[in-house]
Every structure is written in C-alpha cells, then in structure tokens.
Amino acid sequence: MKKLLFTMLAAVISGAVFFTSCASEGTADKYGLEETNGGKTEMLLSGTVEKKETEQYEGNPVNADTEKRYPDGTLTYSNLTGETVRNEVKEILSAAGISESRIEKVFEWIKDFNSCMGSCENFDLKDDFVSVSAYAIDYGDYYPMSTMWFKTNRRDYGDILCRLAAYELLKDFISVSNPLDKSEWECYSDTQWLYSDYDAICNNPLVDFGQNEMEKYFSLYSPIEIKTECSEQEMNESIIKAWEKRGISFEKGKCSLITIWLQDGGLTAAGHAAVLAENGSEFLLFEKTNPQSPYQATKFSDMEQVKKYMFDSVDLDNARYGLETGAYIVMKNDKII
C-alpha cells in the first residue's frame, strides 16, 4: 500500500491536519480540479477507513464524543484581515521573542493570501477577534479553494503550508546539528510526504530558502518509523529518538512549535504545525490552516484547550468524510502534551 492512501478534499487543522500534495508542475488541470473535485489532500490513515457517527454543531461536523470532552465549544479567533488585529498579533509574536524580520516575512504571505483568496465562496474571513460556538473552524471543501488559487488567480505553484509558516517564524529557535542527507528527504514525488512543501519552497516566489534552511526543514519534518500498532507514548519516544539522531533541539522561551503527529502503518509525521506564543496568562496559536485555506490566530487560556483544539480539528475532517486515523499525538516542541 502506498504511503499516501487516499486523496481527500478536506483541509488540515481547522482544516489542516493531513499531508498535502499540491504538486510542482504547475497548472490547475495538473491537480485534476475537474476530475477529482479538487484532488488536494492526502489523508494519513492507519490502513482502514471506517464510518463515524457524527452530529452537527453550529455548522461544523464533529465527532459525537467531542462535546463531552470540550463542553464549552467556544473559539476566539481571527483571520488577520484587519490592520488592528494584525498589529496585535505581531506584538504578541514579537513579545514572545520572534524577530521582526521573521514576522514581517510571514505577514507578507498573509497579505498575499488574503488579497487573492479573501473572496473565495468558502470563507467568511474575520478582520478582528471574534468568539464563535465551534470546536474548530470549518473552511469547507477544497474544490472552490483550489479552483480560485490555480485557475482564477492563475498560480502555477503551491501555496504556503502550515509547516512552512510555522518554521519561518520559529527557525531561529530550532537547531539541527546532524541533518538528513538530501537523498532521504521525502519530497521528490507526489507519493512522498513532503512533496507539496518542496513545491512551495522551490516555486513559490515569496519563499526564499537557502540550502541550509532546506536541510533543517526537511530534517525536522521528514517522517519517522514507528511500530505499526504503537501507543501514544511509543510514538512520542520514536519521534524523540529520531530527532536526537538528527540533532534536532529547541531553544526554550515564550514561543513553541506545536505539531500533531499522525500514524500511517509504520510511519508517523507532523500532519500539521502551528506556533504557540505565550501572552501573559493567555496563549495565542498562529497557523496557516492548510494550502489554499486561511491563516488563523486563536486565543486559548491553557494548554489543555490547545491540545483539544488540535484533536477536534482532526475529528472535524474525519467526520466530514467518514474516516478514522490511527494513533495521533500533539507535541509542544519535543514534549508530548
């Protein structure tokens, strides 16, 4: 069985927890928009696909047990379309120690996305922080997004991914002393985990990675071998062991890399990545929800809420398509939450 088991239309965490394969050859037709209704996202599964009982919650499909473990069901978030909220988020990221140059680069990406995708029929982008009754924000199916990105806007390269946005902000806090050899990067064909990452890094004109940055990036995110039926703790231990071999370490501070790791048979990798910034007694989670999906900043009061949000976002997409993943864990830098 191939590592990429199914081509899905959904997004990852808040629509962005799955491995994507946007491609690098360049046209909307290449991505099969008409033939596959968007053919955009490869879902990471453990080898089985099962139907799940779902219910509707304020327009978002959620797993039936989600309400029990997250009873308030309220999120406070923004899509950063307003100048006031952009300045607020910039200040929070800066106070957490992220350099101004890193922040300005990512906000250049935000400006580009909102200018070309803001009118997509899927979206109701928020220019300020708003509180809504939802466990995760549902940005809908991929066909309208992909059509607008590749056909309407005539872009022949992939959009920024969650992993790329998170890395750009945090790369000063991440060290890689023994990077993977270039031959080991899982990115060179559309059956490999990080193909869409490689496409964006190589072809998106707003990304300007050098060779050293690419080595760090693909060493950080390349998939890791695990037992086919492993516990959450065993998955975490496998990740830490592989990272130690690659010489990956994180500088402690007020900002952290948040990742959710999904299992596909004997492999695991970060299906989604975000940046967590401490802001007094609050936490701000900054993320690109998925290629062709919006940027989002969300406020939380504790780490348990952050963890539940990540899991609930997986549940949202599972419920939409009647799927189940294997084991998955949420990590803050190199620690399981």
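Biologist: Among contacts in the protein chain between residues at least 6 apart in sequence, what share joins residues at least 24 apart?

Modeller: The share is 76%, where contact means heavy atoms within 4.5 Å. This is a predicted model, in which local features need pLDDT of at least 70 and side-chain atom pairs count only at pLDDT 80 or more, while totals for chains, interfaces and linings use all residues. Residues are numbered from 1 along each chain as its sequence is written, and side-chain values use heavy atoms, with hydrogens and water left out.

Biologist: How many helices and strands are there in the protein chain?

Modeller: The protein chain has 10 helices and 16 strands, which are DSSP runs numbered from the N terminus (H or I over at least four residues for helices, E over at least two for strands).

Biologist: Why does Glu168 count as buried?

Modeller: Buried means under 20% relative accessible area, with exposed over 50% and partly exposed in between (1.4 Å probe, protein chains only). Glu168 has 3% relative accessibility, and therefore counts as buried. Glu168 lies in helix 6, residues 162-170, and, leaving aside residues up to four places away in sequence, touches Arg102, Lys105, Val106, Trp109 and Phe209. In the protein chain, 59% of the 337 residues are buried.

Biologist: What makes the pairing of the Glu168 and Lys171 side chains a polar contact?

Modeller: A polar contact is a pair of N or O atoms within 3.5 Å; within protein, one must be able to donate a hydrogen and the other to accept it, and residues adjacent in sequence count only if both atoms are side-chain atoms. The two side chains make such a contact at 3.0 Å.

Biologist: How many disulfides are there?

Modeller: A disulfide is a pair of cysteine sulfur atoms within 2.5 Å, and by this rule the count is 0. For Cys116, which is in no disulfide, the nearest cysteine sulfur belongs to Cys120, 9.9 Å away. Cys116 is buried, at 8% relative accessibility, and Cys255 is buried too, at 2% relative accessible area.

Biologist: Which elements give two or more residues to the lining of the largest pocket?

Modeller: The largest pocket has a volume of about 420 Å³. Among its 16 lining residues, Pro223, Ile224, Glu225, Ala242 and Arg246 are the closest to its centre. The elements giving two or more residues to this lining are strand 9 (224-225) and helix 9 (232-246), and helix 9 supplies the largest share, 5 residues. A pocket is an open set of points on a 1 Å grid over the protein atoms alone, where a 1.4 Å probe fits, with protein on both sides within 12 Å along at least five of seven lines, and lining residues have an atom within 4 Å of a point.

Notes
Grid points are joined across faces, edges and corners, and a volume is the space filled by probe spheres set on the points.
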